[in-house]
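I opened my notebook next to the viewer this morning. Here is what I looked up, in the order I went.

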Amino acid sequence: MKRKNLVMTLLGAAAMLFVQDTVACTNLLVTKGASADGSTMITYTADSHTLYGALKFQPAASYPEGTMLKIYEWDTGKFMGEIPQVRQTYSVVGNMNEHQLLIGETTFGGREELYDSTAIMDYGSLIYTTLQRARTAREAIQVIADLVEKYGYASSGESFSIADPNEVWYMEIIGKGMKFNKKGENEYKGAVWVALKVPDGYISAHANQARIRNFPLNDPENCVYSKDVISFAREMKYFKGKDSEFSFCDAYAPLDFSGMRACEARVWAIFRNAKSTEDMDKYLDYAMGHNPNNRMPLWVKPAEKLTVPAALEIMRDHYDGTPMDMHNDIGAGGHGLPYRWRPMNFKVDGVEYVNERATATQQTGFWFLGQCRSWLPNPIGGVFWFGVDDTGNSTVTPIYCGATRVPECVSEENGSMTEYSPTSLFWLVNRVTNFSYLRYDRISEDIHKVIDKFENDCLKQLEVMDKGLTELYAKDKTAAIECLTDFSERTAQKLFDTWKELDIYLLVKYKDGNIMREKDGKFLDNGNNRGIPASPEQPGYNEAWKRAVAADKHAEILKVVK
């Protein structure tokens, strides 16, 4: 089937099914045996048009008996209620705690009737409350299960990535709706859920579509689930087969076109870019939304073990080299822009079309790669690689999970979505990325040179720091914690300073459609006056754009008359 203009397929009414990007995120899960250095890893993009990219730190604390914890909905800040606080909590940097416990998520929505408006614990509160209370992935699953059973689940369907230094788990959860008894109590309070351990040597991924189908019913070492996950589906008439045939995602989040094209396609691209040993091209018709019966596996084995740079690069994908590649059609403009502004669907002459939704997207608030390393002491072993804005044009900075302060440039007190701050990394990176969208084919190349250098420098520095910190930690834990905190702060500030220089460099080089000539890192002058530049390059637009303009019905007035 030939691709239409804008790399879009004629969809009819199915186009209206696309998910909204307010809940659109992407996760990659990497087990010890699938990583090059034996660490476990989770990547996460927090994609929202209203989310400010900042890093939160929650110190460990002791509380007197009877203390209550106020719960606020993560997405909106709405007060949800109070729950009893535990006597001792753990420190948390972003989505990783001091024990190297790491949690990411994507929202899949699922059946709307299962939302519980009387519940207290939303998905964000579950993540950050659990990080303060659990030490391992298995403990985290139990904490989440206990919290929703006691206080209800206040969000739509959610997929969680949960890792510790030894295991990686994939959990899916959805509420049970509301059924009130004579006392006004919700008899359906709580949630149904299932969690699977990703087999060692494999990777998994999820992107706003529930993916767990059949699961083992008698293998608690590798699978745990709520006691009513099947019986409740029967009660709601979502399922009527044998227990062994039960599929969580088919019962609670039935697949539709948008689940494939806007969500599962990202998982397909991740597996493909990770060089899965399974041929991912055979699932192309599924990823494009054409064949819902050609389901992809829940996890795959990569042919090459993933390094940190490789995992980061996977998160920068725009369906490169596939039929959905966003660089090549008229929607990319004259400079190969692999982004499409929202809304994701539009109508022309009564016909519905959709834009692609790749892993790298312009509305990312923050993103991370969490790395858990079992061979190092916990405060040193956990590295939270944190970045802000579009993954395709930004990088991450390493924060040790034992850090006791957040770098000022990524602090949540430094600016907001409605308040610009000149010292905020989020606003600085946005300046650079938005400028790159004007001439992406040229500017992005310069950005990626800086990205590669910064990440490679950080990896080299971490090797040295890990060794020195481990030796210091054995002698003086307090001094080691201060040292790793200082390193995390200084490296984040280095990223800010690097991007500040990049911002100025790109403005001077690419101002007004020109490209300033340079040599050995310096802009060239005209040979007579240092204030007057050499004649700049003016490459214009790409061939596809010129041909599209020539084919337009208004092109007749553009013709040169001889």
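My entries follow, from the whole chain down to one residue.

**Entry 1: the whole chain.** I noted at the start that this is a predicted model. I looked up the secondary structure and found 12 helices and 23 strands. Next came the radius of gyration, which is 25 Å, close to the 24 Å from the globule rule for 562 residues, so the chain is as compact as a globular protein of that length. Along the principal axes, the C-alpha atoms fill a box of roughly 85 × 65 × 45 Å.

**Entry 2: burial, contacts and surface.** I checked burial and wrote down that 55% of the 562 residues count as buried. For contacts between residues at least 6 apart in sequence, I found that 72% join residues at least 24 apart. The accessible surface comes to about 25,000 Å², and carbon and sulfur atoms account for 52% of that. I also looked at the charges: there are 64 positive and 75 negative ones, and their mean positions are 2 Å apart.

**Entry 3: a sheet.** I traced an open sheet of 7 strands, in the order β16-β14-β1-β2-β19-β20-β21, and its pairing is antiparallel. Which strands are at the edges? They are β16 (299–300) and β21 (397–400), each of which pairs on one side only. I then zoomed in on β1 (residues 26–30) and β2 (residues 40–47), which pair in the antiparallel sense over 5 bridges. Within that pair, T26 stands opposite T45 in β2.

**Entry 4: helix α1.** Is helix α1 largely enclosed or open? I counted 8 of its 9 residues (123–131) as buried, so the helix is largely enclosed by the rest of the structure. The buried ones are Y123, G124, S125, L126, I127, T129, T130 and L131. I looked for what covers them, and the list includes the strands β5 (68–72), β8 (92–93), β9 (96–97), β10 (102–109) and β11 (157–163), along with helix α2 (137–151).

**Entry 5: M178.** I found M178 in the loop between β12 (168–175) and β13 (191–197). What does M178 touch, leaving aside residues up to four places away in sequence? I listed Y115, D116, S117, T118, N186 and Y188. Finally, I took a distance from M178 to I141: they are 37 residues apart along the chain, and their C-alpha atoms are separated by 23 Å.

Conventions: Residues numbered from 1 in each chain as written. Predicted model: local features only at pLDDT ≥ 70, side-chain atom pairs only at ≥ 80, totals over all residues. Heavy atoms only, no water. Helix = DSSP H or I, 4+ residues; strand = E, 2+ residues; numbered from the N terminus. Rg over C-alpha atoms; globule rule 2.2 N^0.38 Å. Buried < 20%, exposed > 50% of the residue type's maximum accessible area, 1.4 Å probe, protein only. Contact = heavy atoms within 4.5 Å. Areas by Shrake-Rupley, 256 points an atom, 1.4 Å probe, with all protein chains shown as cover. Lys, Arg positive; Asp, Glu negative; His and termini not counted. Charge placed at Lys NZ, Arg CZ, Asp CG, Glu CD. Pairing = 2+ DSSP bridges.
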